[in-house]
Amino acid sequence: MRLSIVTLTAALLIVAPLPVAAQKKYSGPRPEKSDVPFLQHGKKLIEVETSEAGEAQSKGDVNYTVPGANSPTRTPVPEPVFLFQSDKINPERLSLFRMEVKSGQRALSLPSDPRRRKDKTRPLFILVSPIENRLFKVEVNEPLENGEYCLSPEGSNKVFCFSEY
């Protein structure tokens with residue numbers, strides 16, 4: 001029994017370094033700023049609109065608004081990919097929401113009680129994958145319809161907005 005444990009340990013020591021050696025260093029484009037998602041269009045990165053959403057309470061809902069009917073950051077890609085250099089914001093705490101345009105502003109209403117959340121206000125699916133130390137890929141994991149969207153860190157009114165066309 002002791003011989004098999006020694007043999008297994010030796011085998012693991014030989015095999016363990018292989019995945020590390022096989023990994024390639026990332027050589028693609030890098031975001032210019034930390035804590036801001038950048039849309040990836042091939043080798044080109046496009047900084048998304050950064051804003052603070054206004055917050056107001058009404059009838060058991062929390063309403064968030066962002067000035068302007070459209071984001072200046074636009075993409076035709078139905079499942080966009082973002083690169084995110086993390087400094088203070090944990091990319092795994094980002095949520096993606098579709099916003100409605102009301103009275104010339106982008107708006108999002110969420111129930112105060114998360115158990116009352118309607119399908120239209122649920123966060124959309126995203127996948128966050130580490131690339132390198134503090135560099136992450138954020139992929140939208142379901143096709144987006146044309147409209148206004150925002151990524152937002154949980155517990156913050158900071159929003160990163162873009163338009164899907």
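A disulfide is taken here as a pair of cysteine sulfur atoms within 2.5 Å. The structure is a predicted model, in which local features need pLDDT of at least 70 and side-chain atom pairs count only at pLDDT 80 or more, while totals for chains, interfaces and linings use all residues. Residues are numbered from 1 along each chain as its sequence is written, and side-chain values rest on heavy atoms, with hydrogens and water left out.

The structure holds zero disulfides. The sulfur of Cys 150 has its closest cysteine sulfur in Cys 161, and because 5.3 Å separates them, they are too far apart for a bond. Cys 161 is likewise in no disulfide. Cys 150 counts as buried at 2% relative accessibility, where buried means under 20% relative accessible area, exposed over 50% and partly exposed in between (1.4 Å probe, protein chains only). Cys 161 is also buried, with a relative accessible area of 0%.

Two strands pair if DSSP finds at least two bridges between them. Strand 11 (residues 135-140) pairs with strand 7 (residues 81-85) in the antiparallel sense over five bridges, and Phe 84 has Phe 136 of strand 11 as its bridge partner. Strands 10 and 11 form a hairpin with two residues between them, and Arg 134 in the turn has a positive phi of about 70°.

Rings of Phe, Tyr and Trp (its six-membered ring) pair if their centres lie within 6.5 Å, with planes under 30 degrees apart counted as stacked, over 60 as edge-to-face and the rest as tilted. By this rule there are two aromatic pairs. One of them, between Tyr 149 and Phe 162, is stacked, at 5.7 Å centre to centre and 20° between the planes. Since Tyr 149 lies in strand 12 and Phe 162 in strand 13 (residues 158-164), the pair ties together parts that are 13 residues apart in sequence. Both residues of this pair are buried, and ring pairs link Phe 82, Tyr 149 and Phe 162 into a cluster.

Two further contacts bring together residues separated along the chain. Ala 69 sits in the loop between strand 5 (61-67) and strand 6 (74-75) and is partly exposed, at 27% relative accessibility. Its C-alpha lies 5.6 Å from that of Arg 106, although Ala 69 and Arg 106 are 37 residues apart in sequence. Thr 75, by contrast, belongs to strand 6 and is buried, with a relative accessible area of 0%.

Terms used
Helices (H or I, at least four residues) and strands (E, at least two) are DSSP runs, numbered from the N terminus.
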